[in-house]
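Dear colleague,

I am handing over the structure we spoke about, with the sequence and the coordinates shown just below. Please look through it first, and then read on for what was found in it.

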Amino acid sequence: MHYHLLLTDHCNLCCTYCRGKAFLPDTAPAGPDLDLDWDLPPELEVDLSRLYAFLARDSCPVLTFYGGEPLLRTDLIREIMAHAPVERFLIHTNGLLLERVDPDLLLRFSTILVSLDGPRDLTDRYRGRGTYDAVMRGLRRLRTLGFRGEVIARMTVAEETDIEDAVLHLAEHPAHPFTSLHWQLDANFSGDYRRRDFARWAETSYTPGIRRLVARWVEEMGEYGRVLRWYPFLDTTEDLLRERPSMLRCGSGHANYSILTDGSLTPCPLMVGMRAHYVGHITTSDPGTLPQVPIGGECTGCNLLAFCGGRCLYASILRPWPEEARRTVCATVQGLHDALAGALPQIRGLMAEGRIRMEDFAHEKYNGCEIIP
Ligand code: SF4
Ligand code: SF4
């Protein structure tokens with residue numbers, strides 16, 4: 001099982017699509033009454049021996065350090081890496097502190113997901129001036145240290161993003177150290193949908209950009225015989241080729257659970273304090289019997305469900321959008337599906353010619369990439 005471990009609620013950035021939204025008017029979540037637990041400790045406050053005992057009951061636990069910004073708590077990371085009965089550690093970081101973390105700690109991660117949104121001006125507009133250069137310095141250091149694991153660029157995309165430009169910038173930058181890319185829509189509208197130009201942007205910029213990127217992705221297969229590790233394409237296309245339906249692709253609530261700062265277990269790392277949706281506690285639960293949380297709502301009758309998996313359990317529960325916004329987001333899923341399904345004959349042809357193989361699509365699942373943006 002994969003687990004996100006929330007180490008701290010603190011963060012050293014205030015990105016426009018994340019904490020920055022708290023400073024906008026009228027951005028309270030538009031969803032149902034959530035009965036939020038406001039007393040959750042801001043830092044991990046569990047008896048670590050109980051955490052280790054819980055993880056020891058899992059036959060194959062994989063731990064992703066998460067926050068806030070988890071590299072603000074390298075003391076805890078060091079302690080947990082030294083004693084937790086876990087084979088592999090991942091981290092989801094904003095990258096600002098990568099240039100300062102002790103090398104021995106960095107080299108123990110099997111995967112590092114680093115938030116970066118594309119070119120310097122775009123990243124700095126969303127994440128704050130100087131962020132791009134600081135993260136790049138950290139990434140170059142990773143390379144100098146000889147880090148051999150997976151380095152995933154975790155992009156957030158919104159109306160100021162030209163998706164084609166942003167993806168190709170990170171994929172082709174001469175100094176780019178990423179082995180893989182993933183992107184996610186800022187579609188947690190939290191009451192700001194009416195102020196945004198999301199629908200027009202999704203239709204006229206984002207989805208056409210996805211079509212061009214799929215063409216580019218397939219071109220790379222034909223010309224160089226390589227399947228680029230762009231997760232929204234990689235995971236979905238592997239399943240299309242195998243004709244395999246998918247459950248919720250991020251794994252939340254069936255293959256991926258989150259451990260909150262008080263030891264409570266939730267299906268998803270964003271469900272902090274949503275106690276009505278907690279699924280257990282590290283002191284009383286057994287990893288093997290954690291309840292599966294099915295996706296509901298409109299997804300159950302949707303003809304894209306086998307491809308999409310339901311996109312996001314958190315959004316399906318919280319419903320932070322008017323119906324029109326939900327349809328707009330689902331139209332982006334349809335656009336992704338259509339672009340990839342349209343490319344399948346060409347991909348199958350390249351496989352038949354031996355240019356690429358099924359194994360080239362192999363990747364770790366539930367590693368923090370949500371897959372459906
Ligand atoms: S496209 Fe929309 S309604 Fe359909 S499964 Fe995905 S999230 Fe659910
Ligand atoms: S896609 Fe949704 S359910 Fe999955 S991890 Fe992200 S917020 Fe949670």
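Predicted model: local features only at pLDDT ≥ 70, side-chain atom pairs only at ≥ 80, totals over all residues.

Turning to the helices, H7 (residues 198–224) and H11 (residues 323–352) have axes that come within 10 Å and cross at roughly 15°. Because angles under 35 degrees count as roughly parallel, H7 and H11 are roughly parallel to each other, and their crossing is right-handed. On the H7 side the contact includes Phe198, Ala199, Tyr206, Ile210 and Met221, while on the H11 side Thr328, Leu336, Leu340 and Ile347 are among the residues that take part. Taken by class, the residues of this contact between H7 and H11 are 15 nonpolar, six polar and one charged.

Helix H7 also meets helix H6 (residues 163–172), and here the axes come within 8 Å and cross at roughly 40°, so that H6 and H7 are oblique to each other. Ile163, Glu164 and Val167 of H6 make this contact with Tyr206, Gly209, Ile210, Arg212 and Leu213 of H7; the classes represented are five nonpolar, one polar and two charged residues.

Helix H11, for its part, is also approached by H8, the axes of the two coming within 10 Å and crossing at roughly 60°, which makes H8 oblique to H11. The crossing of H8 and H11 is right-handed. In H8, the residues Pro232, Phe233, Thr236, Thr237, Leu240 and Leu241 meet Leu336, Leu340, Ala341, Leu344 and Ile347 in H11, and this contact has nine nonpolar and two polar residues but no charged ones.

The model also holds ligands, and I describe the surroundings of two of them. Around ligand 1 lie Glu298, Cys299, Cys302, Leu304, Leu305, Cys308, Gly310, Arg311, Cys330 and Val333, and the elements that give two or more residues to this shell are helix H9 (305–308) and H11. By class, the shell around ligand 1 divides into seven nonpolar, one polar and two charged residues. Ligand 2 is surrounded by Cys250, Ser252, Cys268, Leu270, Cys312, Leu313, Tyr314, Ala315 and Glu370, a shell with seven nonpolar residues, one polar residue and one charged residue.

Two details of the backbone remain. Most residues other than glycine have a negative phi, and most peptide bonds are trans. Against that background, the peptide bond from Gly67 to Gly68 is cis, with omega near 15°, and Gly68 sits in the loop between strand E2 (62–66) and helix H2 (74–83). Glu243, a residue other than glycine, has a positive phi near 55°, and its place is in the loop between helix H8 (231–242) and strand E7 (256–259).

Key:
Residues numbered from 1 in each chain as written. Chains lettered and ligands numbered in written order. Axes fitted to C-alpha atoms, helices over the stretch in contact; angles between N-to-C directions. Helix = DSSP H or I, 4+ residues; strand = E, 2+ residues; numbered from the N terminus. Parallel < 35°, antiparallel > 145°, perpendicular 65-115°, else oblique. Left-handed = near helix turned anticlockwise from the far one by under 90°. Contact = placed C-beta atoms within 7 Å. Nonpolar A, V, L, I, M, F, W, Y, C, P; charged D, E, K, R; others polar. Near = placed C-beta within 6 Å.
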